[in-house]
Amino acid sequence: MAMGTVLAWTILLPLVGGVAIALIPQSGSKFARPVALLVTGVVLAMATWLWISFNPADPGMQFEIVRDWVPGLGTAFHLGVDGLSLPMLFLTAFLSLLAVIASARISEFTREYFTLILLLEAGLIGVFIALDLILFYVFWEVVLIPMFFLINIWGGPRRRYAAIKFFLYTLAGSLAMLGGIISLFLATGAQTFDMIALAPQAARLSLAAQTAIFTAIAFALAIKVPMVPLHTWLPDAHVEAPTAVSVLLAGVLLKMGSYGFLRFGPQLLPDGFERLVPLIALLGVVSIVYGAACALVQTDLKKLIAYSSVSHMGYVMLGIAAGTAAGVLGASVQMFSHGLIAGMAFLLVGAYYERAHTREISAFGGTARVAPILAGTLVFMSFASLGLPGMSGFIGEFMVVTGSFGPFTTYSAIAAFAVVLTAGYLLWMLRRVVFGQLNEARADMPDMTRTEAAAIFPLCIATLCIGVFPQVLVGVMEASVESVAKILGA
Amino acid sequence: MADPTVALTFLAPEIIVALTGALVLVIDLIWIRSTDAPNTPRPWLAYLSIAGLGLAAGAVIGLAGVQTTLFEGIVILDPLSTFFKLLFLAIGMIVLLISVDPLPGFSKWSAEFFALIVWCTLGNMLLASAAELFTIFLCLQLTSLPLIVLIGYAKRDPLSSEASLKYLLLVLVSTAVLLYGMTLVYGALGTSTISEIGKVLAEQRLTPVLALGLVLLLTGFGFKITAVPFQYWVPDVYEGAPSPVTAFLSVGSKFAGFALALRIIVTGLDIPLNWHLIFGVMAALSMTLGNLGALRQTNIKRMLAYSGIAQAGYLLVGLAALSEMGIASLLFYTAAYGFANLLAFTAVIVFANATGSYEISDYAGLARRAPLASFALTVALLSLGGLPLLAGFMAKFYVFLFAAQAGLIWLVAVGVVNSVIALYYYLRVIWQLYVPEGSLDPISVAPRAGLAMSVCAVGVFAIGVFPEPVLRASQMAASALFGG
């Protein structure tokens, strides 16, 4: 089978699976999760197959597939992956499977829930592998709808507010992006929306045009990342979303933004991107410090993790803004690594919440005595998150800091210093949740269940693997990252 | 120019539709005479009507390649008329399908109801082909008069009677205005066929009489299109009319106005006026006032009425581009909007049959009681709001793209902002369906309504995911209009 077909099926299969689950009659609701498990499992297998067949030496697009879609408008069903998108594709497939595993307790509207999860997976994968602007935009928006409903129907007490806030923020961004895409199409005069075909013409646009267009698109991307000050939807959405949805939200959804910066910036509108680089770097650093500072004062466990996401994504943005090979590579690794660690974090917080029905840090204490495995994994996650060498978080942040030292010395120093803040809020959280006096209310807290372990341990293993053998991940990315850095260096 | 007998074969679809209406009435008379229970519902009459419209649709497709004028140029057959005729027939069939269930109190007169819808569809089809002012006038009467009766069909409901009276007054006024305009145009130019008018206009200076005539003409169409400033009748009439009739008005009648306006406007483009600005302002006002009005509504029919005004605005954005592609995007939009709006109304009818209410607050928790109908309404509203993979996104995208290409950036900006406002009130209905807890008794969906929803939903998804066939048809229709 041509690999392009496999690539297309990573989108089509979740779509088909989602529709199939929606069509299961009410009496068969219990089959919804097994079907979703099967579908996400096969998608992960396909993603692995693509990873193995990928030629790491080739910086360009691989496994391309082009089918007519709306030729009258110059838009086609064009898919492909390079070293930047393949890891994201894999991450999405991986986390989607774990999210389905972790959704064992969903008891209301199960068919609808798993249908939406699969639609979300299809949309997310679509964003990462689409090579046509309209297709990209369609997938970008497709992600929005299942996410809105997943938060709105299965979320916590303030889900309505959180869902609408998420929706309005992203929608405002999307419209700006659509405006940017249309302007790009009209400004180049090219009769195509194909990113590859459009790239040379887009790069020839005047600085002013590129800046205007990229600003519109970057606005949408910055909301998704999210970059301070556009981040306020994130804590609300995270706190209200059900556990598995938080995993996908933090693990993959945010990466749509940073991935978009890499795809639209250097590869499509390099001059416009260069122009915004100082702002992106500044906001990146602000996000790092501000996110960490906010995390420090949270009393809600999930909010703490949400703000830590803001901080960690700041490193990604700083690395991208640096534009050096090490910076971009660090950003890409950090994107992948944060996907794993944030996934782990939300699964753990979810597990704690299910036992205590509260996420207040003060409601816990000494949990290591009653639930040693769960608590131990929380410790492991925290160390991964604060960048302990030997785990994936270290590789990404270290490369970002070194990679941005040349172009942004001060920012790089601040980012390095901010690791102390990260360590601060995580260790302090650990002291209050895991260690110390046992909170009497938690005296009979059960330890990690098998299902939870099945969802969390693969992430721990992956974090360690990348920490110890970074080449597994870096090898795939390197060639494409080099080509991006070359464009920006020129 | 074809000879009259041949010409009649070109009108086969219209003849089939006219006969279908008559046949339904006659069969009903015979049936009532021969039965003891004349009040029993007779859904098969609706099926018969649908079959007739289906046959006519087949005939339209069979004649799709024909491009000619008939009877000294008063009737024109081209891809544009084909496009609209198919659209009107599809709308007619769906409306007939959703008319069967809401009519328990009126089953005694159901034959007349179906026949009037059929004839109204006939009027719409003829309007798509009419190419001469007084033919246009006659066809307009053919669509308006049945509508007056249809709107007042629920005669024991004061709202329905009120709506009917309002529509009657509106028809009277707009007809008078239109007729006056036609007389002035005819007086100024000495011809009434549109092709001749185009030729004369190209050489003529704009005299005050002619200008007044054209303005009055456009005013007459404005009422049908429901664009600002001719929109004030819409909410009351839409609310009062029986729901299937509202559904019919909201798409069939509106598109008939566009079908007609397009021919005349494109012909009159040589007149040195800033048409971009005129239609642009109308579009911006319709979108803004429609959406702002919809924000405050608590009744779903009124909300959809205001949303319909806003949608007329988006359609006008396509017109304001004044380019072939702009018109094509308008045509594409009609198809996308048609399916989505009918889908929304079908779901609204299903809910109203079960709860007896059109209040949005009564939609609380309906998703648990009628998951499929709730899903249908969700899809419809999201499509109206313009989210991708649904028809509405592609439609808005095309319209905005070609308006931007024509340099109407400000109008696109207004349109985009309006899309956000619109999504807000569409989403409010969707929350209401899914979020609050309500009663749990399941609502049964009649198979007919289920079929109508499936057809519309498939249409919404198909146009959203594979827009190419409809896009190609609209481009062909638009290029025919520009003489390509």
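Guide: Helices here are DSSP runs of H or I with at least four residues, strands are runs of E with at least two, and both are numbered from the N terminus. In this predicted model, B:Thr226 belongs to the loop between helix 9 and helix 10 of chain B.

Visitor: What makes the backbone of B:Thr226 worth a remark, and what is its phi?

Guide: Most residues other than glycine have a negative phi. B:Thr226, which is not a glycine, has a positive phi near 65°.

Visitor: Why is B:Thr226 called buried?

Guide: The term buried applies under 20% relative accessible area, and B:Thr226, with a relative accessible area of 2%, therefore counts as buried.

Visitor: Which peptide bond involving B:Pro229 is cis, and where is B:Pro229 found?

Guide: The bond from B:Val228 to B:Pro229 is cis, with omega near 10°, and B:Pro229 is found in the loop between helix 9 (208-225) and helix 10 (234-240) of chain B. In chain A, the bond from A:Val225 to A:Pro226 is cis, with omega near -15°, and A:Pro226 sits in the loop between helix 8 (207-224) and helix 9 (233-240) of chain A. Most peptide bonds are trans.

Visitor: How do you know whether B:Glu72 is buried or exposed?

Guide: Exposed requires over 50% relative accessible area, and B:Glu72 has 66%, so B:Glu72 is exposed. B:Glu72 has a positive phi, near 55°, and is not a glycine; its place is the loop between strand 1 (68-70) and strand 2 (75-77) of chain B.

Visitor: Why is B:Ser81 counted as buried, and what is it in contact with?

Guide: B:Ser81, in helix 4 (residues 79-99) of chain B, has a relative accessibility of 1%, so it counts as buried, the limit being under 20%. Apart from neighbours within four places in sequence, B:Ser81 is in contact with B:Ile76, B:Ala128, B:Ser129 and B:Arg263.

Visitor: What makes A:Gly123 buried, and which residues does it touch?

Guide: A:Gly123 lies in helix 4 (residues 110-129) of chain A, and its relative accessible area is 0%, so it is buried. Residues up to four places away in sequence aside, A:Gly123 touches A:Phe139, A:Val142 and A:Val143. Its C-alpha atom is 9.7 Å from that of A:Ile145, which is 22 residues away along the chain.

Visitor: Why are helix 14 and helix 20 of chain B called oblique?

Guide: Helix 14 (residues 324-355) and helix 20 (residues 468-481) of chain B pack at about 130°, with their axes 8 Å apart. Roughly antiparallel needs over 145 degrees and roughly perpendicular covers 65 to 115, so helix 14 and helix 20 of chain B are oblique to each other. Their crossing is right-handed, and the residues of this contact divide into 11 nonpolar, 3 polar and 1 charged. Among the residues that meet are B:Leu331 and B:Phe332 in helix 14 and B:Val470 and B:Leu471 in helix 20 of chain B.

Visitor: What makes helix 13 of chain B roughly antiparallel to helix 14 of chain B?

Guide: Helix 13 (residues 300-320) and helix 14 of chain B pack at an angle of about 170°, with their axes 9 Å apart; the angle is over 145 degrees, which makes the two helices roughly antiparallel. The contact residues divide into 12 nonpolar, 7 polar and 1 charged.

Visitor: How do you know how helix 15 and helix 17 of chain A are oriented?

Guide: The axes of helix 15 (residues 372-385) and helix 17 (residues 409-433) of chain A cross at roughly 170° and come within 9 Å, so by the limit of over 145 degrees helix 15 and helix 17 of chain A are roughly antiparallel. Their contact, in which A:Phe383 of helix 15 and A:Leu430 of helix 17 are included, has 8 nonpolar, 3 polar and no charged residues.

Visitor: How many aromatic pairs are there, and why is the pair of A:Tyr352 and A:Phe364 called edge-to-face?

Guide: The whole structure has 41 aromatic pairs over all chains. The rings of A:Tyr352 and A:Phe364 have centres 5.1 Å apart and planes at 90°; pairing requires centres within 6.5 Å and edge-to-face requires planes over 60 degrees apart, so this pair is edge-to-face. Because A:Tyr352 lies in helix 13 (residues 325-356) of chain A and A:Phe364 in the loop between helix 13 and helix 14 (367-370) of chain A, the pair ties together parts 12 residues apart in sequence. Both A:Tyr352 and A:Phe364 are buried.

Visitor: Which residues are linked into a cluster by ring pairs?

Guide: The cluster contains A:Tyr137, A:Phe185, A:Phe193, B:Phe332, B:Phe393, B:Phe397 and B:Tyr398.

Conventions
Residues numbered from 1 in each chain as written. Chains lettered and ligands numbered in written order. Predicted model: local features only at pLDDT ≥ 70, side-chain atom pairs only at ≥ 80, totals over all residues. Heavy atoms only, no water. Axes fitted to C-alpha atoms, helices over the stretch in contact; angles between N-to-C directions. Parallel < 35°, antiparallel > 145°, perpendicular 65-115°, else oblique. Left-handed = near helix turned anticlockwise from the far one by under 90°. Contact = heavy atoms within 4.5 Å. Nonpolar A, V, L, I, M, F, W, Y, C, P; charged D, E, K, R; others polar. Phe/Tyr/Trp six-rings, centres within 6.5 Å; stacked < 30°, edge-to-face > 60°. Buried < 20%, exposed > 50% of the residue type's maximum accessible area, 1.4 Å probe, protein only.
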